[in-house]
Amino acid sequence: MKNKNIIFIGGIHAVGKGTVCEKITQKFNFEHLSASQVLKWNEMSDLENKKVQDFGTTQNRLLTNLEKITKPNKRYLLDGHFTLLNSKGEPEKIDESTFVGIQPKSIILLTCEPKIIFERLKKRDNSTYKLEVLEKMQVMEIEHAKYISHKLEIPLFTVIDGDTTSIFEYLENYENTY
């Protein structure tokens, strides 16, 4: 496995990962990849379906495709999740082996008020997630991000409501250490 320079940008659906990654790439020398893009999710599921049928197969495909497209001399932001909705529509943690395989150098975790996420999802995906499911999912996302950070012995930087100023400060310090 080649040495990767990946910062994992985590958070539940509609928390603002894509928007934050776009702002980071405009200011810093990173290439933005989304886990859905790397997975080629559109080949596996319709775009409205956020439920994962088989976590193992999906995560293996993510790692295989990530290995193919990343280059050792580039820096990447990979936006994705620590929890996803399983086939029953319940939040489920992604196995730690996925993050061991990704080998992120750092984690930036985005959080937001679940009511705001609920409204964004309704507007963006025309979906009607239950607020309780989003609340549970975000709690699990935070807990699992902390666990993965500790397990991999990498920094975790948590951001509320896409505060790019604090992210830029964090990344300026990050650049000085890597």
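Glu-96 is partly exposed, with a relative accessible area of 24%; here buried means under 20% relative accessible area, exposed over 50%, and partly exposed in between (1.4 Å probe, protein chains only). The model is predicted: local features need pLDDT of at least 70, side-chain atom pairs count only at pLDDT 80 or more, and totals for chains, interfaces and linings use all residues. Residues are numbered from 1 along each chain as its sequence is written, and side-chain values use heavy atoms, with hydrogens and water left out.

**Salt bridges**

Side chains of opposite charge can pair when their charged atoms come close. A salt bridge is defined as a side-chain nitrogen of Lys or Arg within 4 Å of a carboxyl oxygen of Asp or Glu. The whole structure contains five salt bridges, among them those in the table.

| Lys-74 | Glu-31 | 2.6 Å |

Lys-151 belongs to helix 7 and Glu-96 to helix 5 (residues 96-102), 55 residues apart. Helices (H or I, at least four residues) and strands (E, at least two) are DSSP runs, numbered from the N terminus. Lys-74 lies in the loop between helix 4 (55-69) and strand 4, and Glu-31 in strand 2, so this pair ties together parts that are 43 residues apart in sequence. Lys-74 is partly exposed at 38% relative accessibility, as is Glu-31 at 31%. Asp-125 counts as buried at 18%, whereas Arg-124 is partly exposed at 48%.

**The sheet and its helices**

Five strands, in the order 2-4-1-7-8, form an open sheet with parallel pairing; two strands pair if DSSP finds at least two bridges between them. Strand 2 (31-34) and strand 8 (156-160) are the edge strands, each pairing on one side only. Strand 7 (residues 106-111) is joined to strand 8 by five bridges. Helix 7 (residues 131-152) packs on the sheet and touches strand 1, strand 4, strand 7 and strand 8. Contact means heavy atoms within 4.5 Å.

**The nonpolar core**

A nonpolar core is a set of buried Ala, Val, Leu, Ile, Met, Phe, Trp, Tyr and Cys residues joined through side-chain atoms within 4.5 Å. The largest one has 26 residues, and Ile-24, Ile-108 and Leu-171 have the most contacts inside it. Helix 8 gives the most to this core, with five residues. Not counting residues up to four places away in sequence, Ile-24 touches Ile-9, Phe-30, Leu-77, Ile-167, Phe-168 and Leu-171.

Technical notes. Axes are lines fitted to C-alpha atoms, for helices over the stretch in contact, and angles run from 0 to 180 degrees between N-to-C directions.
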